[in-house]
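Here is a friendly briefing to read alongside the model. Please have the sequence and the 3D view open as you go.

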Amino acid sequence: MRFYRAVLDCLGLEARFCDRSRPWAGWQQPGEARPLLLIGAPFDGNAHVPGNGQMVALLAGSRAVVDRAYGTALSHGGLCEGPTGLRPAYHVHYYGAYFRDPDGNKLCVACHAPGD
C-alpha cells in the first residue's frame with residue numbers, strides 16, 4: 001500500500017477505497033468511475049505470483065510526472081526495469097519508465113505528449 005499510494009499520488013489518481021481487512025484497494029481519476037486500478041490479495045486464496053509478460057501501464061500528463069513517479073517508485077522499494085527516457089521505437093514522443101513494485105509486478109509510467 002505504501003508503494004502504490006506514493007506512486008499513484010504522483011499521477012494524480014485518487015484512492016477510491018481501501019479495505020485492509022480483505023486486503024484490497026482501488027484508485028481512479030478524480031471525478032471518473034473508470035478506469036479503476038485495483039490491487040489486493042489473490043481472490044483464490046493462493047499465494048501472489050508476479051505475472052510474466054504482463055504489465056500495468058499508467059498515463060502521466062508530462063515527462064516531469066514520469067520522472068517523479070519513477071523516482072518515487074524506486075524510493076518506495078520498486079526495482080528499475082528501464083529508467084526514464086524517450087523510446088522512439090514506440091513513437092517519437094513516447095517518454096516512459098519501467099519498474100517493478102515490491103512484490104515483483106511490472107509497471108510502466110508513460111507520457112505521449114511532446115517534450116516539456
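G96 stands opposite A110 in β7. Six bridges join β6 (residues 95-100) to β7 (residues 106-111), and the two strands run antiparallel. This is a predicted model, in which local features need pLDDT of at least 70 and side-chain atom pairs count only at pLDDT 80 or more, while totals for chains, interfaces and linings use all residues. Residues are numbered from 1 along each chain as its sequence is written, and side-chain values use heavy atoms, with hydrogens and water left out.

**The four-stranded sheet**

- Four strands form an open sheet with mixed pairing, in the order β4-β7-β6-β5; strands here are DSSP runs of E with at least two residues, helices are runs of H or I with at least four, and both are numbered from the N terminus.
- Two strands pair if DSSP finds at least two bridges between them.
- At the edges sit β4 (56-59) and β5 (79-86), each pairing on one side only.
- From one strand to the next, the twist averages 15 degrees.

- The axes of α1 and α2 (residues 63-75) come within 8 Å and cross at roughly 170 degrees.
- That crossing makes α1 roughly antiparallel to α2 (under 35 degrees is roughly parallel, over 145 roughly antiparallel, 65 to 115 roughly perpendicular, and the rest oblique).
- On the α1 side, F3, A6, V7 and C10 meet V65, R68, A69, T72 and A73 in α2.
- The residues of this contact divide into seven nonpolar, one polar and one charged; Ala, Val, Leu, Ile, Met, Phe, Trp, Tyr, Cys and Pro count as nonpolar, Asp, Glu, Lys and Arg as charged, and the others, Gly among them, as polar.

**The salt bridge**

- A search of the whole structure finds one salt bridge (a side-chain nitrogen of Lys or Arg within 4 Å of a carboxyl oxygen of Asp or Glu).
- The side chains of R100 and E81 meet in it at 3.0 Å, N to O.
- Because R100 lies in β6 and E81 in β5, the pair ties together parts that are 19 residues apart in sequence.
- R100 is partly exposed at 22% relative accessibility, and E81 is partly exposed at 38% (buried is under 20% relative accessible area, exposed over 50%, partly exposed in between, with a 1.4 Å probe and protein chains only).

**The β1-β2 hairpin**

- A hairpin of four residues joins β1 to β2.
- Five bridges join β1 (residues 14-19) to β2 (residues 24-28), which run antiparallel, and A15 has W27 in β2 as its bridge partner.

Note on methods
Axes are lines fitted to C-alpha atoms, for helices over the stretch in contact, and angles run from 0 to 180 degrees between N-to-C directions. Contact means heavy atoms within 4.5 Å.
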